[in-house]
Amino acid sequence: MKLHVMRMRARGLIAALLGAVVLQAQGFGVRDENSLVHNIPYDGKFTFARLRYTTGPGGYYYGGLPSWAHGFPHAEVNLTKIVTAVSTLAAHIDASNAIAADDPELFKYPVLFMTEGGFWTMSDKEVLALRAYLQKGGFMIFDDFRDNFRGGGGWDNFASVMRRILPDGQFVDLDPSQPIFHSFFEINSFSIIPQDYDRGAPILRGIFEDNDPKKRLLAMINFNTDVSNFWEFSATGQMPVSATNEAYKLGVNYLMYGITH
């Protein structure tokens with residue numbers, strides 16, 4: 001009888017532990033996002049900035065992180081280290097600032113990075129601020145989102161937010177001839193872009209100033225891919241070196257374009 005009771009208790013404990021793991025995996029173990037942010041003061045030196053936004057339903061799944069913080073800060077810190085190693089860019093290599101769209105500090109950062117467009121939400125105040133940022137010379141990099149993932153709206157959600165920010169902006173499918181793919185490394189084919197877990201080919205789109213492909217690119221959009229995943233895990237041995245190198249080439253070009261345009 002005692003053995004039976006012990007077995008029942010053990011089964012109950014295992015079930016409880018498995019339940020806790022499942023809850024965490026489903027995103028119920030939500031992290032305190034304020035504890036993630038350790039911004040350094042602006043001093044004129046380049047600092048990679050990431051857009052911090054309110055996460056929509058379904059976005060708390062990657063270790064309980066809000067969707068804006070997936071890979072933060074490792075992805076951009078690792079990329080910045082690579083950029084400073086291959087170029088003369090003077091940058092902070094040990095930090096990445098997380099900035100809300102309506103933070104006045106935003107305009108001090110020429111390049112803004114964002115993940116998980118499917119879970120992106122914006123207030124009217126943030127929409128106006130981000131519109132001003134782009135129109136005054138800011139450059140945005142969007143990465144790590146796809147269609148219909150964990151309840152997120154994928155492209156539809158992303159596009160609806162962008163239409164609020166740039167009502168007249170048109171999404172343009174890019175090809176390797178665009179200047180951004182030659183701003184540092186020569187990228188002549190999108191076949192080099194590695195895929196980790198996304199199915200099919202990545203889709204690279206952009207929004208140009210005045211919808212003119214000959215003018216400045218305001219936003220670089222990596223859809224159906226997670227290029228920054230290779231930056232994030234590049235020092236862990238989890239990603240092939242050859243694939244990581246190609247992902248870094250893309251990231252270096254994005255940064256260089258944003259800084260110089």
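Helices here (H or I, at least four residues) and strands (E, at least two) are DSSP runs, numbered from the N terminus. You're looking at a predicted model, where local features need pLDDT of at least 70, side-chain atom pairs count only at pLDDT 80 or more, and totals for chains, interfaces and linings use all residues. Residues are numbered from 1 along each chain as its sequence is written, and side-chain values use heavy atoms, with hydrogens and water left out.

Let's start with helix α3. With its 12 residues, α3 reaches 17 Å from its first C-alpha to its last, close to the 16 Å expected at 1.5 Å a residue (the expected span is 1.5 Å times one less than the number of residues).

Which residues of α3 are buried? They are E126, V127, A129, L130, Y133 and L134; buried means under 20% relative accessible area, exposed over 50%, and partly exposed in between (1.4 Å probe, protein chains only). These buried residues pack against β1 (49-52), β4 (111-115), β5 (120-121), β6 (139-143), α4 (154-165) and β9 (217-223).

Rings of Phe, Tyr and Trp (its six-membered ring) pair if their centres lie within 6.5 Å; planes under 30 degrees apart count as stacked, over 60 as edge-to-face and the rest as tilted. By this rule the count comes to 20 aromatic pairs. Here are two of them:

| Pair | Centre distance | Plane angle | Type |
|---|---|---|---|
| F107 and Y133 | 6.1 Å | 65° | edge-to-face |
| F145 and F158 | 4.8 Å | 40° | tilted |

F107 is partly exposed at 41% relative accessibility, while Y133 is buried at 2%. As for the other pair, F145 lies in the loop between β6 and α4 and F158 in helix α4, so parts 13 residues apart in sequence get tied together. F145 is buried at 1% relative accessibility, and F158 is buried at 0%. Ring pairs also join W120, F142, F145, W155, F158, F171 and F223 into a cluster.

Finally, a look at S228, which lies in helix α5 (residues 227-232). Is S228 buried or exposed? At 5% relative accessibility, S228 counts as buried. Apart from neighbours within four places in sequence, S228 is in contact (heavy atoms within 4.5 Å) with A75, F113, T115, D143 and D144.
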